[in-house]
Amino acid sequence: MADVPYKTLKCRADDQFIVNKSRFIGYAAPCRSEEEALAFLREIREKHKDATHNCYAYIIGRNMGVMRYSDDGEPGGTAGMPIIETMKSVGVTDCCVVVTRYFGGILLGAGGLVRAYRKGCVVALNAAQVVKMIPSTRFLMEVPYPMWDKVRYTMKDMPLQLEETQFSTAVEATLLVRTEDLDAVQKKLTAVTDAKAEFLTVDENFYPWPEADAIADED
């Protein structure tokens, strides 16, 4: 379990939309514990004390061991359940989603509520950006100046993130790669520099890598 990739959110964010004059605001945030999720929920409730409903769901733990949700006064199964089922279908954990509703005077019906709260979750997750946390290695690479342009061009098609570049007696680049790609990446960089590149591992940990596509709304 320790080295298994998992999905979570890159950052805290929100988005909103209107359905039949009801305004829905979807909030999402990464949370490392149930306490953080509950603190986020309290903050949104305080911010929207005048809202008709603040429905929520959160999932905590790499094994998704903690799952909680609430309809907050909406008919049973029409709000919290669609939110958490959407989160489960996307596969995210260690995060919380709150969908706030300001009632616009037109009843949506059970089916309409389910669709609206599912959409509220989708727009919130897309705003917060789903990322995959993957075992990764950050390392320093030192390259002679005459080779830097060639290295930089080569790296464009390689599975790595160039985080920082410093220019001193040589070019020093800070790179992040998935640990499973480390050997192949360093071998290619060694080859393209005629073995003149030098590497130094900085740290190994889980780091976020973006998912390719936004989550589609079924409606």
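User: How many salt bridges does a search of the whole structure find?

Analyst: The search finds ten salt bridges. The model is a predicted one. As a general idea, side chains of opposite charge can pair when their charged atoms come close. One case here is Arg32 with Glu36, whose side chains meet at 3.3 Å, N to O.

User: Is Arg32 buried or exposed?

Analyst: Arg32 has a relative accessibility of 70%, so it counts as exposed. Another salt bridge joins Glu46 and Lys49, with the closest N and O atoms 3.3 Å apart. Lys49 is exposed as well, with a relative accessible area of 63%.

User: Which residue forms a salt bridge with Glu74?

Analyst: Glu74 meets the side chain of Arg101 in a salt bridge of 3.0 Å, N to O. This pair links distant parts of the chain, 27 residues apart: Glu74 is in the loop between β5 (66-70) and α2 (80-90), and Arg101 is in strand β6 (residues 95-102). Both Glu74 and Arg101 are buried.

User: Which residues are linked in a network of salt bridges?

Analyst: Such a network links Arg138, Glu163 and Asp203.

User: Turning to the rings, what describes a pair of aromatic rings?

Analyst: The description uses the distance of the centres and the angle of the planes. This structure holds six aromatic pairs. One of them is Phe24 with Tyr117, which is edge-to-face at 5.3 Å centre to centre and 90° between the planes. Phe24 belongs to strand β3 (residues 22-30) and Tyr117 to helix α3 (residues 109-128), so the pair links parts of the chain that are distant, 93 residues apart. Phe24 and Tyr117 are both buried.

User: Why is the pair of Phe139 and Phe199 edge-to-face?

Analyst: The planes of the two rings lie at 80°, with the centres 5.7 Å apart, so the pair of Phe139 and Phe199 is edge-to-face; the cut-off for that class is over 60 degrees. Phe139 in strand β7 (residues 130-143) and Phe199 in strand β10 (residues 198-210) are 60 residues apart, and their pair links distant parts of the chain. Phe139 is buried, with a relative accessible area of 0%, whereas Phe199 is partly exposed at 27%.

User: Which residues form one aromatic cluster?

Analyst: The cluster is formed by Phe17, Phe24 and Tyr117.

User: Which residue lies over the face of Phe17?

Analyst: Lys119 lies over that face, 4.7 Å from the ring centre of Phe17. Arg178 lies over the face of Trp209, at 4.0 Å from the ring centre.

Methods. Residues numbered from 1 in each chain as written. Heavy atoms only, no water. Phe/Tyr/Trp six-rings, centres within 6.5 Å; stacked < 30°, edge-to-face > 60°. Helix = DSSP H or I, 4+ residues; strand = E, 2+ residues; numbered from the N terminus. Buried < 20%, exposed > 50% of the residue type's maximum accessible area, 1.4 Å probe, protein only. Lys NZ or Arg CZ within 6 Å of the ring centre and 35° of its normal. Salt bridge = Lys/Arg side-chain N within 4 Å of Asp/Glu carboxyl O.
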